[in-house]
Structures are given as C-alpha cells and as structure tokens.
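Dear colleague,

I am handing over the structure we spoke about, and it is placed just below.

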Amino acid sequence: MPSERSSGRAAGTAMLPADSAPSADLLAVEDLTVEFRSADGDVRVVDGVSLRVGEGETLAVLGESGSGKSVSSLAVLGLLPRPAGRVVGGSIRFRGTELTAVDERVLRELRGERMAMIFQDPQTALNPVMTVGAQIGEAARRRRGLSRRAAREKAIEMMRLVRIPDAERRVDDYPHQFSGGMRQRVVIAMALALDPELVIADEPTTALDVTVQQQIMSLLGELQRSRGVGLVLISHDLGVVAGAADRVVVMYAGRVVESGPLRPVYDRPAHPYTVGLMRSVPETDGAEPLVPIPGSPPSPGRLPDGCAFHPRCAMATDRCRVEVPVLRPVEDGRASACHYAEEVQRDGVPAAG
Ligand code: SF4
C-alpha cells in the first residue's frame, strides 16, 4: 500500500504544496498549543503536546473527557471551532507538510482524501434521510467523479469490507434500519472509501455494548493492518485500545503525562494517572475490582499549581504541589511527567483513600 501511495494518487486528489519535505512520520505534532476564547479570556486547552504516527502504525491517545485529546485531533484536521479555537503554537506536519501554514482549501482536500475521522456517535455522523449506500458513495462521486451506479458499487464493496452482511440488499437501507454496531461499520466504510493514509477515530466504540466494542476494535485493527493506514485511536479506556495500539500517549489537563510503546506502558505504567485509568476500567474477566480515580479533572484555565494531577494523586508530596513535572525519558522510548516515575514503575501506586 505505501508504494502505491508514494507513486502518485488518482486525479482530483489533494496536492501538497511543492515545499513538502519527505518525512518518515506520517504525522508529526510538535509542541502543539491550542487556546479557546472565553468570557474570562483565552483558555489554554492543549499545552505543548507532541506525538508522532508512523505509516501503518496505530497510536492510542488516552485520557478522560476534557484532557485535550479530542481538541488535539480536531486541530490536526483543521476542524477547531472558529473563531473560538486557535492553534497558538507548535507544528503539525503531515508527510512533512506544515498544516498550520496551509490554507483552508488545501486542508479541506487533505481531510477528504488523505485524512479521515471516525466520530464516536454514528447516529450523528450519518444523515437519517439518505440511504447508507448513498452516504458511503457520496465522497467517491464528488471527489472521484464516479457515476451514481459506480458509486453504488463502491458502497457495496466498502460494506463488504467492513463485513456488513447482505451488502447488495442493505445498500439501499437507511441508518435507522441498522443496529448501533452496524451503523458504526457504515461510518468506518465512509471514512475508508477514499483510501486515506491517516484515520483518526475519536472514541469509536463508546456508544456500543462491550461485545460490539470488541468486534469494532478488531475490525479497525484488521483494516488498519491490511490497508496500511496510520490510525490514531482516541479513548478514555486503556482496555479498549490495549489489543489494537502500537504506542500510547496519555493526556491529562491538556498535556502529555506519559508516552511509550503500549505493552510496557500497560505492564508497568510510569505515571499515577495511567495507573488510575487502568484501575477505572472493568477487566473483561472481572478479576480486578473497578476503582475510579477520585475527584474530577480540572477545568482548563483553572489548573492547580504544580502537578495538575496532584489533587487526585495518592502519591502527591509537597514538591508536587509547587513544581510542575516535565515530560522526561524514563526508559527506552518511554517518557513520564511525574517526579516519581521510577518509583511508580517499580512499586506501583497505593490505592486512593
Ligand atoms: Fe502524583 Fe506528584 Fe507524580 Fe503528579 S508529580 S503524578 S502529584 S506523584
């Protein structure tokens, strides 16, 4: 798949500006800072976030609601709500091209052709008065100039790809005639219809029950591997992404607090927040009791002094209350923004309370 892509794309595909530098990374976000205007002034919701996604790689971005993970992905796609949301610092490079410097027309083309997003609620992502076939085929009609008949064939092909049974018959059905899991498969088919290089999936299974969640995650993983797509999986649930991701970035209060290859992070987390996330999701075998992280995340713009996690952290010390921990290497390819990362890795974190 990569060689096909690098050899040139079909007519009508988005063209990157001539100064595009080749890049080993599909996506490289460096020091991204995003602010929102509010009645109280500018509020920083993403602060110095860096992440990379290689070709054909799956990156999980984890954190609770309000951690900045979804805003970061909207910034990557140029979809921040305007005029309130703005990228005020840092860099977003897609295949070496600086996206913060390109105009809206180029971004729109990239979004349609080479980057796609899967939103969490298939109900709102789909038009209730259009057949699913028309919705899956629409982009191909608009951007590839396919006839109505060819777009319908394309829709059937995509529905087969995402394993919607009886695709030839169901292509003319409307979204309400599908279950939640099947609707999410339709949304995935729409996202993949133009063969994008990067797909960002924002909580793609949240609205679904546990069995269907697992089916959708394994479908996404399979499609990612077979089509060589770079995948960013945004989730609050480490359990959901554990089987699918190569690497993980954990975000809290707009910053990255831990990052690294998924398995070592999962086995020996180096930040108390990561430990909290792991304890707060149910184990599939029910072996470990579910322990929610006490308290709630701080509002952006009203962060506590020192480590933003300290009011909720069972290991907080006086140092944590005054000194902001920087993201630093802890071992090969891993980083943590905790003053006591090594202790956390070695001894774990005492249960709160
Ligand atoms: Fe907890 Fe302190 Fe580490 Fe923050 S720096 S996560 S408060 S131990």
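The second largest pocket has a volume of about 580 Å³. A pocket here is found on a 1 Å grid over the protein atoms alone, as an open set of points where a 1.4 Å probe fits, with protein on both sides within 12 Å along at least five of seven lines, and its lining residues have an atom within 4 Å of a point. Grid points are joined across faces, edges and corners, and the volume is the space filled by probe spheres set on the points. Of the 23 lining residues, Arg111, Gly112, Ala139, Met190 and Ala191 are the closest to the centre of this pocket. Two or more lining residues come from each of α3 (104-113), β6 (115-118), α5 (132-144) and α8 (180-192), and α5 gives the largest share, six residues.

Please keep in mind that this is a predicted model, in which local features need pLDDT of at least 70 and side-chain atom pairs count only at pLDDT 80 or more, while totals for chains, interfaces and linings use all residues. Residues are numbered from 1 along each chain as its sequence is written, and side-chain values use heavy atoms, with hydrogens and water left out.

The protein chain contains 14 helices and 12 strands, which are DSSP runs numbered from the N terminus (helices H or I, at least four residues; strands E, at least two). Buried residues, meaning those under 20% relative accessible area with a 1.4 Å probe and protein chains only, make up 51% of the 353 residues. Along its principal axes, the C-alpha trace spans about 70 × 50 × 45 Å.

Helix α12 (residues 272-279) is largely enclosed by the rest of the structure, because six of its eight residues are buried. These are Pro272, Tyr273, Thr274, Val275, Gly276 and Leu277, and they pack against β3 (58-62), β9 (247-252), β10 (255-261), α11 (262-267) and α14 (341-347).

Ala201, which lies in strand β7 (residues 198-202), is also buried, with a relative accessible area of 0%. Leaving aside residues up to four places away in sequence, Ala201 touches Ile118, Leu231, Val232, Leu233 and Ile234, where contact means heavy atoms within 4.5 Å. Ala201 and Glu323 are 122 residues apart in sequence and, from C-alpha to C-alpha, 34 Å apart in space.

With best wishes

Conventions. Buried < 20%, exposed > 50% of the residue type's maximum accessible area, 1.4 Å probe, protein only.
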